[in-house]
Amino acid sequence: MEKLLGLPVHTFTLFGQSGLSYTLTAGVLLWPLEFVMTDIVNEYFGPKAVRRISYIAVGMISYAFVAFWVAMSVPADSWWLGSRSDQGIPDMQAAFTGIFGQGMWIIFASLTAFLVSQIVDVTVFHRIKRHTGEKHVWLRATGSTLVSQLVDSFIVLYIAFKIGNGWSWQRVLAICLVNYSYKFVVAVALTPLIYFMEHRIEKFLGHETAAKMKAAAMQS
């Protein structure tokens, strides 16, 4: 992250893991926005709609999983193997399998983490809403996101890198905390976006229709 922003890299130690910098896994960058969208759907359509969207997403990710597996399993043409030898890659198929083979663990980890974190997000969201009613949109939206993203961060790293790549517990926990700190900041920063989107939705639907949808969502 520091290199991306053109800042000097400072290392630190967490959970006994030294030499760390503010390193993020690639999937973290846009993931907080997904939870914001989930909260908006949850607010107006309820848990059933969130589950339906989640199942569709799982289906699409699973399709990618199968596509990568087939691509790695099909024998490569001989010309492909040495096609990048002049660039320091003597075996393109080995490189391809190495990159996407690691991705298989990441896809499986993402599937598991996505389903679990969505359930957590929906549950926390509605429990907060039952206590606060229509007040404190920021609390149920941002609060549920912060809890579910902590769960998501740990599950992804544990499956993809602890089980899949043999990382130490110290590295898993340290990078989990670094990733979560980014998610935390972005989730809080995106809170005004939730208010803006709700304002636009209610303006489009009308207050009465929006209120009916929210009431129905609480019963679903």
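The mean positions of the 17 positive and 13 negative charges of the protein lie 8 Å apart. In this count Lys and Arg are positive and Asp and Glu negative, with His and the chain ends left out; each charge is placed at NZ of Lys, CZ of Arg, CG of Asp or CD of Glu. The model is a predicted one, in which local features need pLDDT of at least 70 and side-chain atom pairs count only at pLDDT 80 or more, while totals for chains, interfaces and linings use all residues. Residues are numbered from 1 along each chain as its sequence is written, and side-chain values use heavy atoms, without hydrogens and water.

Turning to the overall fold, the protein contains eight helices and two strands (DSSP runs numbered from the N terminus: H or I of at least four residues for helices, E of at least two for strands). Their order along the sequence is β-β-α-α-α-α-α-α-α-α. The C-alpha trace spans about 65 × 40 × 30 Å along its principal axes. Of the 220 residues, 37% count as buried, where buried means under 20% relative accessible area, exposed over 50% and partly exposed in between, with a 1.4 Å probe and protein chains only.

Beyond its neighbours within four places in sequence, I194 touches V36, I40, V137 and A141. In soluble globular proteins, nonpolar side chains tend to be buried together.

Helix α4 (residues 92–132) holds Q93 and also H126. Q93 counts as buried because its relative accessible area is 15%; H126 is buried too, at 5%. Sequence neighbours within four places aside, Q93 contacts A71, M72, V74, A76, W80 and L81, whereas H126 contacts N42, G46, P47, A217 and M218.

For contrast, consider Y63 in helix α2 (residues 47–73). This tyrosine is exposed because its relative accessibility is 64%.

Key
Contact means heavy atoms within 4.5 Å.
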